[in-house]
Each structure stands twice: as structure tokens, then as C-alpha cells.
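Morning, everyone. I'll keep this brief. Please look at the slide.

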Amino acid sequence: MSTVRDARYGAQVDLELTADQKTVRDAFARFFADRSPLTVVRDAEPLGYAPALWARLRETGAPGMGVPEKLGGGGATALDLVLLMQEAGRTLAPVPLAEHLAATRTLARTAAGAGAPWFADAVEGDVLAAPALHPAVEGTTRLVPGGAVADVVVGLDGGDLVAVRSDAPMTAPPNHACAPLADRVLRGPGVHERIVLASGADAAALFARMRTDWQLATAAALTGLAARALEIGIAYTLERRQFDRPIAAFQAVQQGLADLVAPLDGITLLTARAAWTDDEGDAADAARLASMAFLAASEVARNTTYRALHYHGGYGVTLEYDIQLFFRRARGWPLVLGDPDEEYLRLADRLFGPAAGPGTGPRAGDGAGQSTGGAR
Amino acid sequence: MDFAPKASVEEFRASIRRFIADHLTAEMVERAHRTGTFHDWEFHRALAATGIIAEGMAGAGRESGRDPLELYVLFDEMGLAGAPFYGLANAMLVAGVIEQIGSDFHMSEVLPRFHSGEAIAALGYSEPGSGSDVAAAATRAERIPGHPGDEQVWLVNGQKMFTTLVHEAGYVILLTRTDPDLPKHRGLTMFLLPMDLPGIDFQAVDTMGGDRTNITYFTDVRVPDRWRLGEVNGGWDVMKVALAYERGVFGNMNQGVTLLRRFAAWAGTAERSDGTRLIDDPGVRRRLARIAIDNEITALLAVRPALLASQGRLPTTEGSVAKLYASEAYNRAAEACQEMAGAVGLLSPLHGAGGGAADLPDADWGFVDLAARDAPVTTIYGGTSEIQRNNIAEHRLGLPRAR
């Protein structure tokens, strides 16, 4: 059995953003506040995609930020991508940015991906790419996030990691989060182009890394989402009066709101820690931390939006109020990876080594088997 | 943001680990658990001899001293090693308060005794009738008339609750009421009493978690004015300094780390009745993964106040945020571990059986039961979870004051 890595940070120098990091954050905070108000989010429902917003985002260089400069991208650090995604998450920006970042970074890691004729267009954002989080079964991978609008899907098919170009369906099955999900085929009819990026163990490792990138980007988006949901909840409790005072003056309400702060601070720090570790080149530890950040952020976003909605009383569940937009996405964004219990088991494998006994071999998602995902 | 280790702090951590390896014995740990007194004079004085108490903490009103991050690491390592460090924490805290507020008399007569490890202090804040509402202290200090030209003498009467280590302490820092007619925060005065003044008595109060604490009685204690700490009716200002020292630095919030390490090791050998190892049980694995995440978050939140202090800034609600999360996560972890251990999780050889821990295999010596007993108090001492939430609600979220 492997030893448990102790969680102890006695010696960090700085938890504050540097001037450069603040610049990145502030620029994207302004961009999303200006370009992705909740009216845009509502107008993009039910598909969950605003092409005009994506076109604007394209001008900022965000779609290619995760790709190295020598391949024409922005060469941003993982920490910069986290700051970008936090701001996108705050505004529920209806663009598949986490997906595009994860898929383009994966393409850039292979010669075949970086050599694809449309790779430069993907870096620019003219070709939209999405990561299939679950290996294909009989050529089809289910409920790909961003899959409803993506021109290229990167996924595992058999033992190969492939990039497949086909027509985006531009329609999604009605879903909780109004997310642009779709089943996509990775071979067979409808596929215009299919590039094998890697095979065997390399494919499995790249697939796992792509999921890690997506988990980290999604954790950051959920952090932004939760932070904004808490602000909305607080603003409402200060404004809403019952029994002749704002309901924020009641201790029962205050304690419930105060309870949300430490977990929110926690996922903010943990997500940054995971990104920083990735930037330092420790991929294995970054994967462990990204998994933790993803699981924690999923839970925190669920709890925060639940409580913020709850303190709205009956208005909270009316579509007229904004908090329900946050509530639904808090559940929908992470669940496309599958039952979180599966991810907890994958994390346990990283922490304690694989379990012995029947049915506990290497787990799907690290590329070595079929995942039940959210599909069954 | 930069999570890179700071070389000076890592060097310090290594030196503390060496110190612990050289000076902490299994017998000291066992004795602490058996007696409930988490202070060991031999260990404490050896540590004091390194100069660490005298060096103190930089940034809190003093130029020189140890980086607050190093002191965070000191207590973190003490906690992880299971070292008895309560006396050290109290001594450093009171020494820090004296340095900032004490008179020449305190500085010359008392401070060296703390620095050398000769004496430790107990904290006399809570009373039977005031815990969270600590400023409601009713212990009276009244001027005794008739000392013209001589030193003023005070007559102290009252009781202090949860005076941990008072039975080993040379001094007790005492929050008293000097003017009942003033608003409650303004009628308080702090004293630092030597324990050998006539009229001080105490009784042991044993706790579920195994710590021994005390109730201390003050009956017509005649206290010369030189033992006053700070201004008359300025006791709350002294209290604020004391609390600032306590904030997130002088303590250990990472109890879940030790618990997980021990439990995971044990679960690698322990078997269910059907012969499967605990560590191979998917349910156990999920719960341990959750504890690991909580530990990771706790570690990040816990270091933040020390980090801010290290950068010369004043932590505000960060201490409350860390304490709230750490203590509640520890309770979740302890509860989960006790359940996963099943009936073995109930075994408590250190309670009521007269010790004997050394005779038991590690798996069964009761560390799970110990954590399950110890965890609940962490959401109480140092400010209950409700007090921390009030603080966060008011000072972080800007909600109206509700008490």
C-alpha cells in the first residue's frame, strides 16, 4: 500500500495574486461582466451556447490560451486558465470554454493533433473542440460536454485517442443545466476526418490528462459560480424584509450563509494549488489535486446554490429569479463526468494504491476500461 | 500566487523535527494521555533552552522574532508528532502579551521565567457563567482602601472555568470585573497572578477527550497592583492582544492528517469478518478520499492567517474561517473513522483502564476512539463554531450584527 501524502502547507510564500495574475483576472472579469450578463445566459437557453459571445471571446485570445506559444497559442499557465475560468463561471458564460481548453491542450500534446489541418483554427477558436469524457462504446461516446456545438471531438475509442471532425448537431437533449451536451460518434458514418493522436498506454495517459485539465477548468468555473451565487443570496437576504427586518438580520440565516465561506475559500485555494502544481511540472500530484479540487468544488457549488436558493423562499424556484440558473448549472456541469463516487474511488487509487479483490482493477477514466459515466 | 516552499521555513521545520526526534519519548506521550496533562516539563524546558520562547513572534508589535509561519510550523509539527504542547502555547501567548503590554516589573521579574521554560501560565478567561460571552466576566477585583503612599492592593473573588494546566502553572492570566457600573467591555481589568498568592484553589475537571482541565477559585486573594497587566478598566484591550496571538498561529488545526495516516495504515491490515481488508472496501476508500480532501483544504485555510501575519498584515476573519472548517472537518473525519472501524472503534484502553497502551497492538490501542472523543471540543474551545460564524457573517459578509 502506498503511503498517504500528508496535507501540510506550512511554508507557502504567497497566496495572493501577482500583478500579472491580477491583470488577467481583471481583464476577464470585465469581459464577462460586459459580454455575458444573465440576459445573455437566459437567451442562450435551452442549447446553452451563445455564438456571439464566443465570437467576442475569440477576439481576446482566450480559446487558444492553453496552447503553447510555439504552436500559436497564448502559452498561459494553468493558474491563468483557472483565473479565466473563475470569471467565466461567475457569469455562467454560455460557451464551452472549459471543454475547448481541455481539448486543445490535448491536441497540442501530440504531433498528430498539432499537425491537424484545422489545428490553427482550433487555437483561434474558429473550430470548436470538445473532450469526450467517457471512452466510446461501439463508436459512440455519450453526452459530450460542449458536444452539441463542437466541430471536433477528442476522445478514446478502443485503444486509440482520436480527434474526430464531424458536423456539430447544434441541438442538445433537454437537460437540467441547459448545457450543450450531445452524443458523438468517433468513427463510422458522419465522420469527416478521424486522426489517431496516440495509442495504447500513451492514449490512456493523454486521455487521463485531458480529463484532469477539464476537471481543473470545471472546478475553477464552479468556484466562480459558487462565489457569485453566495453574493446573490446575501444581496437578497439584505433586501427581503419579513417580521419588520431584513431576513439577513436573523441569526439562523446568518449562520447558514457564514457556513458557506470556508468551503468557498477552500476550493479557491485548492484549485489554485492544483494549477500551480501543474505549472511546476509535477503532473501526477497535479492530477491528484485537480481531482480533489473538482470533487470539492462540485460539492461546494451544490451546497452554496442550494442554500442561496433556499433563502430566496418561494421566489427562488421561480424562473424569474436568477438563482435557479446557478443552482441548475452547479449540478449539471460536474455531473457529465459521472457519479462522483466513481471519482472518489479513482482518487482513492491515487492516494492508497489500487484496491485488491474482484471488480477493483484499474479504474475507467484513467483510460484503462469502460466507464459507466453518467450513461447507465 | 506561489505555493513554493520558503527555504527558511523548511529549514526551521527540519530543525523542529530533529528536536522532536531527539527529545520526545513514547513515555512522555503515554503519560500525557494517561494523566490528561498535555505538558511535560522535561520536554518544555529542553525546547525553551533552544531559545524559541524568548525569540517570540515577529510582527505582533515587535520587530524581531520568529516568522509567524515558523511558529505555525512549530505547532503543526508538535501536533503531528503527538507532543504535549499546551504549556508551550500558553507560555508563548502570555509572554507575547507581556512584551506588548507588561510593565518593567513584568518584563524583569516574570518574562525571563517564561522564556527559560521555568514557568508556564494558565488562561483565566471563562467562568461558570460566561464562555462565549467572555466579556461578561463576573470575577471581582476591588481596590482595598487604606494604602496611602503604599502600593495599591486589590481583593479578588470569583471562579474561572477551563483553566487548563493551572495545576502546573506558575501564573494565571485573569480577566476581572473592576467596575460593574461601566458597560461590560469597559469595566474589565487584566491581572497576571502568581499562583502562590494565598486564596487560590483549584479542582480537576476531567473531560471526555481525556484532557484534564480545572476550575479555579479565588477567595479574598490580596493582589498587589504590580500584578496588574494593562490599564485599570482596560482589560478588554489586553484581551484583544491575547486573542490576536492565539489567532491561527499557536495551535494545531491539522489533526485530521494524523488521523488519516494512522487509519489508512491500520485499514491496510485490518480485515472485515469476510476476510476483505478494510482498505479494499470501496465504501471505506470513498470516505478516506473525502477525509484526504478535507485535510488538503484545512491545511490551506489553516496556514493563511500565519501567512498574512508573516507578510506584516493583520488577519481578520481568516482565523475564524480556518478554525471553523478545521474543527468541523476533524469531527467529520473522526466520526467516519469510528464507524468504519466498527466495534474496534469503540475500544478506549486509555480511558478508565489505568493506561496499558504499550501492551496493545497499535491497531487496537484506541486512536480512533481518542479522536472521536477529542474532536467535539475543538468546535468549542477558542470560540465556538457559532461565534466563528457570527464573526464571519458580520465582518466578512457584512451582515447586520445580530446579538
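Into which domains is chain A divided? Domain 1 covers 19–203, and domain 2 covers 208–352. Those bounds come from an automatic or database domain assignment.

A word on the model. It is predicted: local features need pLDDT of at least 70, side-chain atom pairs count only at pLDDT 80 or more, and totals for chains, interfaces and linings use all residues. Residues are numbered from 1 along each chain as its sequence is written, with chains lettered from A and ligands numbered from 1 in the order in which they are written.

Now the overall build. Chain A has 13 helices and nine strands. These are DSSP runs, numbered from the N terminus: helices are H or I, at least four residues, and strands are E, at least two. The C-alpha atoms fill a box of roughly 65 × 50 × 45 Å along the principal axes. Of the 376 residues, 57% are buried, meaning 20 or more other C-beta atoms, placed from the backbone, lie within 10 Å of the residue's own.

Back to the domains. Their centres, over C-alpha atoms, are 22 Å apart. Domain 1 of chain A puts 30 residues into the contact, and domain 2 of chain A puts in 32. Contact means C-beta atoms, placed from the backbone, within 7 Å.

Which helices supply at least two residues each on the domain 1 side? Helix H2 (38–43), helix H4 (78–90) and helix H5 (97–108) of chain A do. H4(A) gives the most, with ten residues.

Definitions and conventions: Contact = placed C-beta atoms within 7 Å. Buried ≥ 20, exposed ≤ 12 C-beta atoms within 10 Å, placed from the backbone.
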